[in-house]
Amino acid sequence: MTALPTILVAGDGSLGTWSGSYTAIDEQVASANDADFVSSGAAVAGQAFYQLQDMPSDFDTMTTLTAVFRYSQSGRSNDTMGLFAQVFAADETTPLTNEVTISSAVTNTAWSNTSTLTFTGVVAGDKATWDGARIRLRNTFSQSQSKDASFIVRVSALQLGGTYVSSVPPVPVTASDTLGLTMTGSTDLQGIAPLLSENFESASLSISVVSGSWVRTTAQAQSGSYSFTNPDITDSQTADEVITIPSGATQVSLSYIVSSEGSWDYFRVLADGVQLFQDSGNSVTTWRQIALDVTGKSQLTLRYMKDGSQTVGADAAYVDDLVFSGPAPIGPPPDPVAGSDASTLTIAESSSLGKAGYQQLFPDAILVQTNIAGAVTAIDEDPDSPDANWLTGSGAIELRVSFPSPTNDLQASFPQEFRVRVRPGT
């Protein structure tokens with residue numbers, strides 16, 4: 001899965017009883033202009049739709065969706081208004097998520113941020129489904145005594161995030177002749193192998209740093225004793241570390257912790273200046289892992305940035321086990337497997353060439369698997385000595401795996417072979 005960039009509103013839908021254009025709320029929560037907002041009708045229930053930005057160009061299906069809102073009320077004495085949000089398709093009728101509660105009873109006159117809210121019932125869809133999607137802001141109204149005639153709820157900013165499955169096309173394998181199978185062009189296989197890894201255990205970094213002031217630290221570590229962290233910064237400052245992306249890299253993976261003021265001070269990852277990921281909050285002990293698409297990019301930026309006030313937690317981001325990966329070389333398959341006209345395949349045991357003078361490597365993680373089930377432990381043996389476990393799939397299959405770094409003095413220029421054991425299903 002790939003992290004969504006921050007999704008903002010990009011247009012007006014049906015505004016109903018609400019007032020204010022999308023331009024009042026088209027900024028991130030951390031940089032909201034509270035003097036400019038959209039608001040409900042006074043002392044009345046209602047709703048409004050706002051168009052969201054389109055999904056990334058490599059978007060295939062949605063997996064998770066989150067949101068943060070900045071909101072307040074004005075004119076309340078005794079009555080009650082609730083505030084809710086839900087995402088719909090462009091027709092403003094087809095729901096793409098269930099509704100989340102921003103506040104069941106908005107009482108704050110001062111502007112406040114929600115925590116990160118997670119939508120349930122997310123429709124996977126495709127890019128056509130999610131491009132042009134609308135977010136609906138809905139308010140309820142309940143009168144208690146004499147009506148609070150000027151009572152409104154207000155929103156000054158909102159932003160969405162989450163994860164999605166990328167549609168970056170895999171490298172096709174032509175296998176119909178060598179395997180004795182008729183396999184459609186939609187059945188593709190691809191391996192992903194590490195090109196450069198950094199665990200920050202040595203003061204001599206293997207990554208190429210273009211600029212920045214991040215440092216090694218023992219304050220946190222996912223593996224070993226060290227990780228990488230931003231220097232101490234003050235309010236409204238940003239600390240960047242710019243790293244060269246190795247030639248041929250299509251993915252970067254890393255582990256991170258961010259300990260900060262939630263929804264205000266952020267850890268972000270950018271490629272050539274385009275934000276790929278962000279997170280914030282006070283999570284000192286929980287390491288998280290992300291994998292991001294960097295195809296065609298030249299520079300990766302690790303960023304920690306603070307807003308204009310407050311310090312929470314360690315006020316820092318920590319990064320460990322950073323790995324740049326690229327497509328694994330595809331070599332000839334094993335001996336032919338009997339069968340014909342089979343659209344269902346079972347895939348097992350894959351490795352690099354294991355002859356004398358070479359090192360044999362086995363997959364250590366599955367990065368992407370579409371329409372194929374099973375764990376990496378089903379394919380981490382020699383294809384010539386397979387066990388009884390298989391990955392099984394049908395239809396349009398995509399499988400991407402990673403391999404560990406060689407432990408001997410292998411070089412990228414040395415001959416390589418990628419082997420897959422395949423058999424037809426029944």
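This is a predicted model: local features need pLDDT of at least 70, side-chain atom pairs count only at pLDDT 80 or more; totals for chains, interfaces and linings use all residues.
Residues are numbered from 1 along each chain as its sequence is written, and side-chain values use heavy atoms, with hydrogens and water left out. Local features need pLDDT of at least 70 and side-chain atom pairs count only at pLDDT 80 or more, while totals for chains, interfaces and linings use all residues.

**View 1. Arg70 pairs with Asp34 in a salt bridge.** The closest N and O atoms sit 2.7 Å apart; the cut-off is a side-chain nitrogen of Lys or Arg within 4 Å of a carboxyl oxygen of Asp or Glu. Arg70 is in strand S5 (residues 59-74) and Asp34 in the loop between strands S2 (9-12) and S3 (38-39), 36 residues apart. Strands here are DSSP runs (E, at least two residues), numbered from the N terminus. Arg70 counts as buried at 11% relative accessibility, whereas Asp34, at 22%, is partly exposed. For those labels, buried means under 20% relative accessible area, exposed over 50%, and partly exposed in between (1.4 Å probe, protein chains only).

**View 2. Arg134 meets Glu92.** Here the closest N and O atoms of the salt bridge are 3.5 Å apart. Arg134 lies in strand S10 (residues 134-142) and Glu92 in the loop between strands S6 (80-88) and S7 (100-103), so the pair ties together parts 42 residues apart in sequence. Both Arg134 and Glu92 are buried.

**View 3. Arg138 and Glu99 form a salt bridge.** It spans 2.8 Å, N to O. Arg138 is in strand S10 and Glu99 in the loop between S6 and S7, 39 residues apart. Arg138 is partly exposed at 23%, and so is Glu99 at 30%.

**View 4. Asp235, Asp265, Lys306 and Asp315 join in one network.** Salt bridges with shared partners link these residues. Across the whole structure, the search finds 9 salt bridges.

Notes
Helices (H or I, at least four residues) and strands (E, at least two) are DSSP runs, numbered from the N terminus.
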